[in-house]
Amino acid sequence: MGHEFVHIPVLGSELIEGLDVRPGGKYLDATVGGGGHSLLLFDQCRDIWVTAIDQDTQALDAAKLTLSEYGDRLTFWHGNFVDYPGNAEQFDGIIADLGVSSAQFDIPERGFSFRHSAPLDMRMNQQQSLTAADLINHGDEKELADIFYQYGEERLSRRIARSIVAKRPFNTTTELAQAIASCYPPRARHGRIHPATRVFQALRIAVNQELTVLPQFLDLASHWLKPGGIIGVISFHSLEDRCVKHYFKDSAELTVLTKKPIIPHAEEIQNNPRARSAKLRLAKRL
């Protein structure tokens, strides 16, 4: 594709400090992306073992290059983190960065962003069949409205769904974004946040079943940890953060280490504006 898969780790120092990385430890990076957080793990302590998971083959290829010097201290696994056949009490620490990698937004062909005209794809796992185009062009009006409202908290969800059904089929991200924007009053189309942002978030969550698999993953991860092991989860919107917060609080296996989420400092946001909505929560296995 001619695009580099770039992964800028968010809340990196806070995450590594919270994990309390120790020599000889075994760690799981459940969303390795381009390898940014795993690299920070090895920078903290070279004498560790890391299992790196991602469902995006482009991400795994990039991580293998980034982390190549660590050889047999690394194991890579392709797939969704809920499908990983982990063994109980295997890891001293687990990382999950739930955000979309910069590369997924910046490589137009992936269809995550409406900044470029691209196919309506949005699949994190390129091997799955369901795409955003399938949902937009074949979902019924109520299904689409529910997706936009539940996963995007979009207040004009019904109006937008009605307009999409009337105007479809849609082939590109920019066509869809324009149709969504047209549902807003003219003065509301040029605010700080583009009118299509929430619908695109909702579509991405639905295509990749992000909020369906998250509680399943948290349940598995709490059993994959050794006693005293720590899990750190970075989320990027309120629906994910709420899920993580309540799971940690209600779990019989975990004790919460962060009563309030850790958020990026102003300097990190200035250097990486996509970090601005990130929240880190940590918990320890009892």
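1. Rings of Phe, Tyr and Trp (its six-membered ring) pair if their centres lie within 6.5 Å; planes under 30 degrees apart count as stacked, over 60 as edge-to-face and the rest as tilted. By this rule Trp77, Phe81, Tyr84, Phe217 and Trp224 form one aromatic cluster.

2. The model is predicted, so local features need pLDDT of at least 70 and side-chain atom pairs count only at pLDDT 80 or more, while totals for chains, interfaces and linings use all residues. Residues are numbered from 1 along each chain as its sequence is written, and side-chain values use heavy atoms, with hydrogens and water left out.

3. The whole structure holds 6 aromatic pairs. Trp77 and Tyr84 make an edge-to-face pair, with 5.5 Å between centres and 80° between planes. Tyr84 is buried at 12% relative accessibility (buried is under 20% relative accessible area, exposed over 50%, partly exposed in between; 1.4 Å probe, protein chains only). Trp77, at 24%, is partly exposed.

4. Phe81 and Phe217 are stacked, 4.2 Å centre to centre with 20° between the planes. Phe81 sits in the loop between β3 (74-78) and β4 (91-97), and Phe217, 136 residues apart from it, in helix α10 (helices, H or I, at least four residues, and strands, E, at least two, are DSSP runs numbered from the N terminus). Both are buried: Phe81 has a relative accessible area of 10%, Phe217 of 0%.

5. Helix α10 spans residues 210-224 and also contains Leu220, which is partly exposed at 30% relative accessibility.

6. Two charges sit over rings (NZ of Lys or CZ of Arg within 6 Å of the ring centre and within 35 degrees of the ring normal): Lys64 over Phe76, at 5.7 Å from the ring centre, and Arg73 over Trp49, at 4.5 Å.
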